[in-house]
Amino acid sequence: MRAVVMGAGSWGTATAKVLVDAGTDTTIWARRPELADRINSDHTNVDYLPGITLPDQLVATSSIPDALTGADVVVCAVPSQSLRANLTDWLPHVTPETTYVSLAKGVETSTLLRMSEVIAEVSGVPAGQVAVLSGPNLAREVAEGQPAATVIACTDDGRARELQHSFNTGYFRPYTNTDVVGCEIGGAVKNVIALACGMASGVGFGQNTLATIITRGLAETIRLGVAVGAQIETLAGLAGIGDLVATCSSPLSRNRTFGARLGEGLSLTEAQEATHGQVAEGVKSCTSVRALADKFDVEMPLTDAVHQVCHGGLSVADAISSLLGRSTKPEIYE
Ligand SMILES: NC(=O)C1=CN([C@@H]2O[C@H](COP(=O)(O)OP(=O)(O)OC[C@H]3O[C@@H](n4cnc5c(N)ncnc54)[C@H](O)[C@@H]3O)[C@@H](O)[C@H]2O)C=CC1
Ligand SMILES: O=C(CO)COP(=O)(O)O
């Protein structure tokens, strides 16, 4: 079995390391030849994971045909909004029986499609050939070999179990699930809620506020998830609450950090410049998640507020006032 990880950012690189550590023959594709050369010669990716030594067996290339030809598993590790364009370039070199694994946590802004739907649409493969890997997996911690678990979701359970084997190491423990929708909704919405947590922390609020945002964020994730066909149990699992807690609590999260910068008073442009090219998916996905909620008539006040701050010119202070000024209601409601 040969896997190729397409994208050598933080998570693509950490995932490639997991695959090699699991005994899987793995190649990683980097857009820039100099990065591929550095991974091959020094076994490092200093731009994204400084201080981490990558396994000698990990082979890097910047050639799309070399990366993809003969690969049994194609792991898609580029940001959500660029996945469609990248896939179009990759497709001529992909074997038709290939299994795709999506790592991206977002919803396409132009179509409101989840990433597995984008892959199936562009490649023409059946949904059962597309899996999603999602969970509380901050790249740096995984690359350091700290214990973590994840979910590999695929409607074809046999395929999910094969992948589980290919990703299973002493420190990274994959569980299988057939609820692809739940895993993808959990992954996309938690980035938006992490922006909200970051904003609160940037303003100077403490743990009560963060726990409130996480819990009410889960409530709106579940409302949207159920409306689009997810199972509640998935959202109560690693790809739901698990990832939400990890991302909303960790200074390693790009989304939380981005939100904190807005909470500290930086403009969107200033916060974007401070990311140094690393993706904070929630900044774009707040638009598509909100549009999906509108389409299914689901109330998502935190997502609305994040969207208004990022794209509607609302200040963080006014967003907080408007959230707290909403009419009171029972905790559990339809
Ligand atoms: N970093 C993390 O801890 C985790 C990230 N993810 C998800 O994985 C996906 C990828 O994230 P990261 O690797 O962390 O992002 P990153 O920002 O560290 O790296 C993104 C990679 O994609 C490349 N890239 C950027 N724009 C591109 C484009 N238009 N075409 C081709 N390549 C492009 C970059 O050169 C880079 O190699 C995201 O959807 C993210 O939400 C999921 C779990 C953990
Ligand atoms: O998805 C992640 C952890 O599971 C990483 O989150 P960030 O993209 O906010 O860093």
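Glu281 makes contacts beyond its neighbours within four places in sequence: Pro79, Ser80, Ala104, Lys105, Asn191 and Asn255. The model is predicted. Glu281 is also one of the residues that an unreviewed UniProt entry lists under "binding site".

**Binding-site residues from the record**
- The UniProt entry, which is unreviewed, names Ser10, Trp11, Arg31, Arg32, Tyr48, Lys105, Ala139, Arg254, Val279 and Glu281.
- These residues span 272 residues of sequence and are spread in space too, with up to 23.0 Å between C-alpha atoms.
- Lys105, one of these residues, is in the lining of the largest cavity.

- Glu281 sits in the loop between helix 13 (268-273) and helix 14 (282-295).
- Glu281 has 10% relative accessibility, so it counts as buried, the cut-off being under 20%.
- Arg254 belongs to helix 12 (residues 254-263).
- Arg254 is partly exposed, at a relative accessible area of 34%.

**Aromatic pairs**
- The count is 2 aromatic pairs.
- Trp11 and Phe172 form an edge-to-face pair, because their planes are at 65 degrees, with ring centres 6.3 Å apart.
- Trp11 is in helix 1 (residues 10-21) and Phe172 in strand 8 (residues 172-177), so this pair ties together parts 161 residues apart in sequence.
- Trp11 and Phe172 are both buried.
- Trp29 and Trp90 are also edge-to-face, with ring centres 5.9 Å apart and planes at 75 degrees.
- Trp29 is in strand 2 (residues 25-29) and Trp90 in helix 4 (residues 80-90), so the pair links parts 61 residues apart in sequence.
- Trp29 is buried at 5% relative accessible area, and Trp90 is buried at 1%.

Note on methods:
Residues are numbered from 1 along each chain as its sequence is written. Chains are lettered from A and ligands numbered from 1 in the order in which they are written. This is a predicted model: local features need pLDDT of at least 70, side-chain atom pairs count only at pLDDT 80 or more; totals for chains, interfaces and linings use all residues. Side-chain values use heavy atoms; hydrogens and water are left out. Rings of Phe, Tyr and Trp (its six-membered ring) pair if their centres lie within 6.5 Å; planes under 30 degrees apart count as stacked, over 60 as edge-to-face and the rest as tilted. Helices (H or I, at least four residues) and strands (E, at least two) are DSSP runs, numbered from the N terminus. Buried means under 20% relative accessible area, exposed over 50%, partly exposed in between (1.4 Å probe, protein chains only). UniProt positions are given in the numbering used here, feature names are shortened, and annotations may be inferred rather than shown by experiment. On a 1 Å grid over the protein atoms alone, a cavity is a set of points where a 1.4 Å probe fits but cannot get out, and a pocket is an open set with protein on both sides within 12 Å along at least five of seven lines; lining residues have an atom within 4 Å of a point. Contact means heavy atoms within 4.5 Å.
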